[in-house]
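Colleague: I'd like to learn how to read a model like this one. Could you take me through it feature by feature?

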Amino acid sequence: MRWKSLLLTPALVVLSGVAVFALYQAATGGEPLAWAGVALAAAPLPAFVSYVMATEGTARTSANLPSALAAAAIGVALTLVGFAGVLPVALAVGSFAALVWYVFVYSRFGRGRNAALQPGETLPDFTLEEADGAEVASSAFRGRPALFLFYRGNWCPLCMAQIKEVAAAYKRLAGMGVEVVLASPQPAGETAKLAKKFDVPFRFLVDRDLKAARALGIAAEGGVPAGVDAMGYGVDTVLPTVVAADADGRILFLDETDNYRVRPEPETFLAIFEQNAQTMDAAA
């Protein structure tokens with residue numbers, strides 16, 4: 001996974017440079033149609049990533065980004081129609097190929113069957129930590145339903161948007177007696193910042209050295225994008241995972257997305273908890 005993380009940042013820099021170069025060529029006497037096509041082919045990926053990073057308001061996107069792919073494909077077509085030599089064609093085709101790589105390779109985790117997590121089965125034992133380093137065993141969450149959200153870190157805008165959605169639903173979750181546990185292998189200081197930012201009665205915990213992630217089969221070693229690791233996050237993270245468990249630790253709902261841009265709607269697991277609460281009330 002590390003090789004993918006090392007390629008994204010350079011790809012964004014190169015594509016941004018290609019778009020600027022193409023616009024300059026179109027404005028200073030190059031074949032306008034061909035170079036405009038190059039700019040259109042190169043721009044969608046850096047524009048999309050910049051938007052997601054800047055807003056932190058997008059918890060999920062379409063899996064295949066059809067609008068971005070269509071725009072880049074139109075760019076390649078314009079470059080071919082306004083043919084101005086091999087260079088613009090190569091830049092346009094290469095830019096389109098980079099977008100295809102991002103959508104169908106970089107965004108995917110290639111997850112297979114996870115023997116450690118199966119709906120209907122009991123959660124394996126694992127250990128997390130408070131921000132101050134105190135250990136918290138998974139057994140501490142028995143006795144009441146729990147929602148576990150394993151997120152990559154504060155650096156991931158889709159994770160932050162997902163947590164924001166869950167925070168907005170905390171009253172409904174609390175009304176059903178659900179304890180919400182947010183866990184990430186990021187530094188404890190970053191987790192403390194996150195807890196302060198959202199100020200909701202959730203458990204903000206640290207998965208130091210990926211101990212819990214490995215026990216649950218959701219570790220993403222080398223999954224932090226190049227450049228982000230230099231900010232103190234390290235190179236390892238988790239595969240975004242949501243687990244809803246009942247009071248006995250039995251898995252009611254599991255989302256192991258295979259695309260980091262696709263996350264479950266809160267209503268999905270809220271409905272599961274509501275159904276579980278109704279079942280428990282009926283049994284009582």
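Colleague: Leaving aside its neighbours within four places in sequence, which residues is L147 in contact with?

Modeller: Before that, some ground rules: this is a predicted model, where local features need pLDDT of at least 70, side-chain atom pairs count only at pLDDT 80 or more, and totals for chains, interfaces and linings use all residues. Residues are numbered from 1 along each chain as its sequence is written, and side-chain values use heavy atoms, with hydrogens and water left out. Contact means heavy atoms within 4.5 Å. With neighbours within four places in sequence set aside, L147 touches V166, L173, V178, E179, V180, V181, V242, V243, A244, F269 and F273.

Colleague: Which residues have the most contacts inside the largest nonpolar core?

Modeller: In soluble globular proteins, nonpolar side chains tend to be buried together. A nonpolar core here is a set of buried Ala, Val, Leu, Ile, Met, Phe, Trp, Tyr and Cys residues joined through side-chain atoms within 4.5 Å. Buried means under 20% relative accessible area, exposed over 50%, and partly exposed in between (1.4 Å probe, protein chains only). The largest core has 62 residues, and Y102 and L147 have the most contacts inside it. Helix α5 (residues 86–106) gives the most to this core, with seven residues. There is also a second, separate core of 22 residues, with L117, V136, F141 and F148 among them.

Colleague: How are the helices and strands counted, and how many are there?

Modeller: They are DSSP runs numbered from the N terminus: helices are H or I with at least four residues, strands are E with at least two. The protein chain comes to 10 helices and nine strands.

Colleague: Take β4. Which residues point one way and which the other?

Modeller: In a regular strand the side chains alternate between the two faces of the sheet. In β4 (residues 179–184), six of six residues are buried. E179, V181 and A183 point one way, V180, L182 and S184 the other.

Colleague: And what does β4 pair with?

Modeller: Two strands pair if DSSP finds at least two bridges between them. Strand β3 (residues 146–150) runs parallel to β4, joined by five bridges, and L149 has L182 as its bridge partner. On β5, also parallel to β4, there are four bridges, and V181 stands opposite R203 there.

Colleague: In what sense do β8 and β9 pair, parallel or antiparallel?

Modeller: Antiparallel, over four bridges, with A244 opposite F253. The two form a hairpin with five residues between them, and G249 in the turn has a positive phi of about 85°. Five of the five residues of β9 (residues 251–255) are buried, so this strand is largely enclosed by the rest of the structure.

Colleague: Back to the helices: what do the buried residues of α2 pack against?

Modeller: They pack against α1 (2–27), α3 (44–55), α4 (66–81) and α5. The buried residues of α2 (residues 32–42) include W35, V38 and A42.

Colleague: Is S95 buried or exposed? And D209?

Modeller: S95 counts as buried because its relative accessibility is 2%. D209 is exposed, with a relative accessible area of 54%. D209 is found in the loop between β5 (203–206) and α9 (211–216).
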